[in-house]
Structures are given as C-alpha cells and as structure tokens.
Amino acid sequence: MIGLTLEGITRRFPAEGPGETTEKTVLQDISLAIEPGAFVTVVGPSGVGKTTLLRIIAGLDHGFQGRVAWSENRQPKIGMVFQEPRLAPWLSVIDNLLLIAAPGARAEALDLLDLVELAGSENALPRQLSGGMQRRAALARALLAKPDLLLLDEPLISLDSTRAERLRSHLVGYWQARKPTIVMVTHDFVEAVELSSRVIALAPESGRIALDRTIPLPHPRRVTDPAEAALLDELRDLARDWPAPSHTTEEGEAAPRASNAAMRLLTI
Amino acid sequence: MKAAAALEVPRRRPDWLRFKLPSFIALLVLWQVSAMLIADPALFPTPLATLETGYLHLMTGELLFSLAVTLARVAVAFFFAMALGSAIGIALGRSQPMDAIFGGWLSIALNMPALVTIVLCYVWFGLSETAAIVAVTINKAPTVAAIMREGARALDRQLLEATQVFGVSRWKVLRHVVLPQLAPSFIASARAGLALTWKIVLVVELLGRPNGIGFQIRTFFNYFDIAGILAYSLAFIAIVLAIENFIVQPVERRTGRWRTA
C-alpha cells in the first residue's frame, strides 16, 4: 500500500486562441495527504482541473508547481483509466492488456475481461468494439497492472446504468480485496458517495478544494440511508453554484493536441 | 474479417481479366501498329523484333548478367538509403529542436538534382562501386527521411502516455506501439524509393560503370541499337513490377490489416 502527499499544487495553462490573453489557472495551491489504501473520489465542475490532477499524480504533466511525494521511497505501480480508452488499434483486446503486463498474465487478463463483462471479445480489435466496451477493456487493463495506485478518470461513464452498477460493486470488491490506493474522478455524486472513503470537491474559478469529507461508512451503501443522503445533499448544495456541466470537453484543458487522436480512437 | 475477404477474392480475378490484360494487349497492338506505320525497324522496332533481340541477349547470358549487376546495386543502395533515411526521419520527427535545426538541410537535400550528386561522387571518389552506391544512397535517403518524419510526427501521443504510466519497457513500446505506427510510412517510402532507386542506378551506370543495364543502354545508344534499349528496359520493368507485386504489396497488405479488418 502506498500513500501520497500533494504539496501546493498549482497548474496554469497558457492562453489559447486569439481571443484569450490571460493564462488559465485550473488548480490552485492544492495540498492533500492521501492515506495508503484510501479510495478518494474527486468531483467538481468541468474544466476545474480534475483530469489535470490525475495527470500530475501519474507523472504525465510537467508544467505544474508544487510537489508530489510518495509515502514510501519508491515510485508506485500505477494503473490508469484515461477518459479515452487509449487502446492500440492494431492489437487485439487481449494483446492490449498483455502489453502492459509481465509475462504469463494471460489467464489473469482473461479473468479481468470476464469481470468487466468482455468475455469472448478478447480477440477482437478495438475498432470492432463499441466505445463503452473499449472503456471496459481499459478498466481491465488498469486492474491487470496490479497497481498500488489506481487512477480512474470517469471510468464508468457512458455505460448503461445496470452494468455501471455491477462494475461499481466489482470495483469496491477489488478495492477491498487488494487495497490499492484509488483516486477516481467522477461527475456522479451518487457514485462518489456510494464508493469512496473520501470525497474531495474542487471549486470552480478558484481551483481550490471546496470540500473534503471522509466517509467512514461500510459497504454496500445506499444513498437513501441517512448518513449517505446527508452527504449527497451537501454535495448537491455545493454544486448549485457550479456552471452547467458541459458534456463535450474536459480533454481540452490538459492535452489540447490529444483530443483529435482520442476521437480517432473512438470512431475508427 | 472473413466476410471482407470473401467479397474481395472473387472480384480480383475478373478485374484483372477484364481490364488489365486487355489494356496491356491494346498497348502492344498500338506499339505494333505505330512501328509498322513508321516502317523504320532501326528507329522504332516492332514488339516482335524487340522480343527477338531480348531473346538473343538472354541466350548469350548478357541480359541476365546485366540485370543481376543492376539489381545488386539497387538492393545495396536501397538498403543503405532506407536505413539512413529512416534514422534521420525518425530523429527529426521525434525531436522538435532537431527538426528546427536540420529540417532545412533536408529540404536542400530533397531538391538536389540527382545528376549533381552522381557527378560529384564520381569526381570525389573516382569511378568506383563505392561512389556509385554512395551517389544513389544520397539521392534516395532524403525522400525516405521526409516520409518517415511525417510518420514519426503523427505517432499517437495518448497511447505513448498510456504505456509510460503503465511502465511498459522501451523495447515493448518500440516493438508493439511505435513500429506498427511507422510501418505504413516505411512501406510508402520503400515503394516511392524503389522506383526512384532503380532509375538513378541506371544513370549512375550510364555515367561511370563498366556493366549493368545502364551501361548496356549507353552501349546501345552508341550503336543506335533501339531494339536493344527497349529489350533491356522492358526486362527491367518486368523485374521491378514483379518485386512490387509479389514482395512490396503483400507486405503492405499484411502490415495494414488492422485498419480494414
């Protein structure tokens, strides 16, 4: 198990486009200690820097100020689900999984594909799968990495509700069995309240932490139970001031050049 | 995948029979008719006369020897040009500073007339085999580099990021992520390059080698032996088309399978 500490993380992006002159600050002075084995969800309006925060933790962003420190003196093994599936289009689903695994992981990879309800699709090429199936394959890949730290960027978005429900309980089961540290970005407050051991909400504009709650409740949870319902209400109150959610972008804030490639991955 | 293959196979043969073969025969007929109209066998021999000349040279062994010599030069120069051009192209495509500094050099190299490099190589290195190979390589490598640079620029950054997060080894990334993306560029440059290489090899041979198709063509030119020139050219075209059809295209189909499968 590995924990991490974020110290004074600030991320500014240079102005983009002809109309804009000021740089954009998405994260401001974020300091957080995430305990080993915690399941943290990060919520907040679009464009507030949730994806950027994951990229900073993953070591993909090099333009931030501040520091990321690990509780042990080593780099953790990271499993990540990006907003896009990011599968190699020329490799079959199973080969995409095995690419990131140590040799001899085939049986486990097949089990994980079964877990995300992709049994039988292992030899398909990504383009032969729907977007939702590709996302599930990406989730299986992240789990196959046997991560100390699992970074999930809206992993269950665009799945139908009953399947998302099942995968949520699988995810909690996996977390309880293996105890990886999880940081998950989500737009879904119910998901945050039902799954995680701690919810962090980022505030629009300021880019600071607006709310930080530990949820010491046992699983499975129901949002109709009083304690859960209270937290959910608190989150909904908080979100009243947020700008209306945009369903289109979020990629743009972190990796402007990436979105075209992402669309290609989704459409071919 | 199976359905697509099933659709493709029955279509290919009729296509070939219906269009390619008749149009090829039409070209031969056109050649025969115009040769008969011009009625000067020395200036413009008929296809049959050309075939006969080709057969004579084939029997003496001269044609095959020249073909072999020229093909060997093409192969060696092609190998060096692909290796050198790919290395330069990938370096420029992956590194912006490198491209900023050396991109202009590549533009100059791309626009250098083939004849200039050939003449300079012969002057500097003498009328040697090395000079011939170097000249062809220098002519061909920039084209390869330009195509490979585009391929290397277009590498999927998102996928590379994913492999980085998961800590995939450099070798696996190269083998399974980078090379599959570069394969189409590599084959495109090989195709563009093959045609260019053999044309330049002929010029190199014509200017300063004692054997090969280019040398033979110069000899025929000295004796105004048009039938010889045509026979040797056709033999060479046949070989190049065979390489294109039986080596380059199958490889191309194989590497591009994931796009259409």
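When I say helix or strand, I mean DSSP runs counted from the N terminus, with H or I of at least four residues for helices and E of at least two for strands.

Quick housekeeping. This is a predicted model, where local features need pLDDT of at least 70 and side-chain atom pairs need 80 or more, while totals for chains, interfaces and linings take in all residues. Residues run from 1 along each chain as its sequence is written, chains are lettered from A and ligands numbered from 1 in the order written, and side-chain values use heavy atoms, leaving out hydrogens and water.

B:Ala39 sits in the loop between helix H1 (2–38) and helix H2 (47–60) of chain B. It is exposed, at 56% relative accessible area; my scale is buried under 20%, exposed over 50%, partly exposed in between, with a 1.4 Å probe and protein chains only.

Domains next: chain B splits into domain 1 (1–36) and domain 2 (63–260), with bounds from an automatic or database assignment. Their centres, over C-alpha atoms, are 29 Å apart.

Now chain A. It has 9 helices and 9 strands, and 54% of its 268 residues count as buried. Look at H1 of chain A: 9 of its 9 residues are buried, among them A:Leu53, A:Leu54, A:Ile56 and A:Ile57, but also A:Lys50 and A:Arg55.

The peptide bond from A:His219 to A:Pro220 is cis, omega near -5 degrees, and A:Pro220 falls in the loop between strand E9 (209–214) and helix H7 (226–239). Then A:Glu117, another non-glycine, has phi near 65 degrees; A:Glu117 is partly exposed, at 23%.

So what does the side chain of A:Arg11 make a polar contact with? This arginine is in strand E1 (residues 4–13) of chain A, and at 12% relative accessibility it counts as buried. Its side chain meets that of A:Asp61 at 2.9 Å, and also reaches the backbone oxygen of A:Gly63 at 3.5 Å. A polar contact here is a pair of N or O atoms within 3.5 Å; within protein, one must be able to donate a hydrogen and the other to accept it, and sequence-adjacent residues count only if both atoms are side-chain atoms.

On to salt bridges: a Lys or Arg side-chain nitrogen within 4 Å of an Asp or Glu carboxyl oxygen. In chain B, B:Arg209 and B:Glu129 pair at 2.6 Å, N to O. That links a loop between helix H8 (170–208) and helix H9 (213–222) to helix H6 (residues 129–153), 80 residues apart. B:Arg209 is buried, at 10%, whereas B:Glu129 is partly exposed, at 35%.

Last, the interface. Chains A and B bury about 2200 Å² between them, 61% of it on carbon and sulfur atoms; that is accessible area (1.4 Å probe) lost on being put together, summed over both. The contact takes 31 residues from chain A and 21 from chain B, contact meaning heavy atoms within 4.5 Å. The rule finds 7 residue pairs in polar contact across it, both at pLDDT 80 or more. On the chain A side, H9 gives the most, with 5 residues. There are 2 salt bridges between the chains. One of the pairs is A:Arg86 with B:Glu161, closest N and O atoms 2.7 Å apart.

That's it from me; happy to go back to any of these on the screen.

How values were computed. Buried area = accessible area lost by both parts, 1.4 Å probe.
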